[in-house]
Amino acid sequence: VYGEAEVYGEAEVCGLAKVYGSAIIEETKDYMIAGPIGSRDDVTTAFRTLNGARIKCGCFYGNIEEFEEKIKGTHGDNKHAKEYLALAELLKVRFGE
């Protein structure tokens, strides 16, 4: 956890999670880790911020819509795209977007 990120209350951030920027973690459900996933077989972290959910996946950092655009541009319709896009749908439900 670094930058202007805040973690407080009964929230727990653990494992390979990377939380930063303007993240606001008040409860454990304010972040999610998925992995290994996709072409990199790596961990993808998503977390709530003052400006909506943000995703960190490899060198990508952005919102869910930007994540979907990046995946489609990078992977087209292959297996990795399907995994990442399924994760994006889950994150929309999780973060109410």
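Let me start with Phe 67, which touches Ile 55, Cys 57, Phe 60, Tyr 84 and Ala 88, leaving aside residues up to four places away in sequence; contact here means heavy atoms within 4.5 Å. A word on the source: this is a predicted model, where local features need pLDDT of at least 70, side-chain atom pairs count only at pLDDT 80 or more, and totals for chains, interfaces and linings use all residues. Residues are numbered from 1 along each chain as its sequence is written, and side-chain values use heavy atoms, with hydrogens and water left out.

Now the core. Phe 67 belongs to the largest nonpolar core, which has 17 residues, and is listed with Ile 55, Ile 64, Tyr 84 and Leu 91 as having the most contacts inside it. Two or more residues each come from strand 3 (31–37), strand 5 (52–57), helix 1 and helix 2 (79–95). Helix 2 gives the most, six residues. A second, separate core has seven residues, among them Ala 17, Val 19, Ala 23 and Tyr 31. A nonpolar core is a set of buried Ala, Val, Leu, Ile, Met, Phe, Trp, Tyr and Cys residues joined through side-chain atoms within 4.5 Å; buried means under 20% relative accessible area, with a 1.4 Å probe and protein chains only. Helices (H or I, at least four residues) and strands (E, at least two) are DSSP runs, numbered from the N terminus.

Next, the hairpin. Strand 3 pairs with strand 4 (residues 42–49) in the antiparallel sense over five bridges; pairing requires at least two bridges found by DSSP. Ile 33 has Thr 45 in strand 4 as its bridge partner. Four residues lie between the strands of this hairpin, and Gly 38 takes a positive phi near 70°.

Methods:
Buried < 20%, exposed > 50% of the residue type's maximum accessible area, 1.4 Å probe, protein only.
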